[in-house]
Amino acid sequence: MKKPAARRRSTARRRSPSARQRAAIRARRRKTLQRVLLAIGAVAVLGGMLVLIPRGLAHEPAPVCVDQPQTLPEAGIEGWSGAQLENAATIVRTAASLGYPREGQVLGVMTAMGESSLRNIDYGDWETRGFTNPDGSRTSSIGLFQQQDWWGSVEQRMDPATATTLFFERLGRVPDWQSMAPSHAIHRVQVNTDRDYYARFQADATAVVDALSGPCG
């Protein structure tokens, strides 16, 4: 008995594909998978480029040389910039020439930060706050380290390198200054009213000295 035509067509639709058809299906699937993988790869490469391009465009910070003021960063270091960094460089350079290591250089920069904000000013505590010496006389402090008359002449105290030398000559006469708290060692030289006053500048001074201590090309 023959099957009706409609049933024969339904049976034909359910018939398994031939080997050639199966091969064609597999080939189409492989091509589709390849396209998907290529698309994923392209997205990954693009994403990597978007990350790397800004890094490539961002220039490495220029090296800082303590002997070359033009290399000092315009953006400053911890808020200290311009002439302040030039004066800090003079302190670091002078201290190094006198044989003082990093710890001593930090003390010198700390002192000038606390005394004059690293500015070579020709006035001092009398002009700004009316301070007097214990004997009632006006203070005569000037320069980076706010040194008074007995430290040296006006020319010496207003010359950053000479003023730095005067400071370190006195620091060198303080017994065991290396083992003292930095602010206390400075206090022994500057003889100010608060021996902990300079501690607030230690972190900034350390950052400045370290930045200025890189190798010069």
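Reader: Leaving aside its neighbours within four places in sequence, which residues is glutamine 105 in contact with?

Author: This is a predicted model, in which local features need pLDDT of at least 70 and side-chain atom pairs count only at pLDDT 80 or more, while totals for chains, interfaces and linings use all residues. Residues are numbered from 1 along each chain as its sequence is written, and side-chain values use heavy atoms, with hydrogens and water left out. Glutamine 105 lies in helix H4, where helices are DSSP runs (H or I, at least four residues) numbered from the N terminus. Taking contact as heavy atoms within 4.5 Å, glutamine 105 touches Ile91, Val92, Ala95, Ala96, Tyr100, Phe168, Val209 and Ser213.

Reader: What is the relative accessible area of glutamine 105?

Author: The scale calls a residue buried under 20% relative accessible area, exposed over 50% and partly exposed in between (1.4 Å probe, protein chains only). Glutamine 105 counts as buried because its relative accessible area is 8%.

Reader: How many of the 9 residues of helix H8 are buried?

Author: Helix H8 spans residues 182-190 and is mostly covered, and what covers its buried residues includes helix H4 (102-116) and helix H7 (160-171). The buried residues are Ser183, His184, Ala185, Ile186, His187, Val189 and Gln190. The number of buried residues in H8 is therefore 7.

Reader: What is the relative accessibility of aspartate 176?

Author: Aspartate 176 sits in the loop between H7 and H8, and its phi, near 55°, is likewise positive in a residue other than glycine. Aspartate 176 counts as exposed, because its relative accessibility is 58%.

Reader: Which residues lining the largest pocket are the closest to its centre?

Author: A pocket is, on a 1 Å grid over the protein atoms alone, an open set of points where a 1.4 Å probe fits, with protein on both sides within 12 Å along at least five of seven lines, and lining residues have an atom within 4 Å of a point. The largest pocket has a volume of about 620 Å³, a volume being the space filled by probe spheres set on the points, which are joined across faces, edges and corners. The elements giving two or more residues to its lining are H4, helix H5 (125-129) and H8. Of the 25 lining residues, the closest to the centre are Glu115, Asp125, Gln190, Val191 and Asn192.
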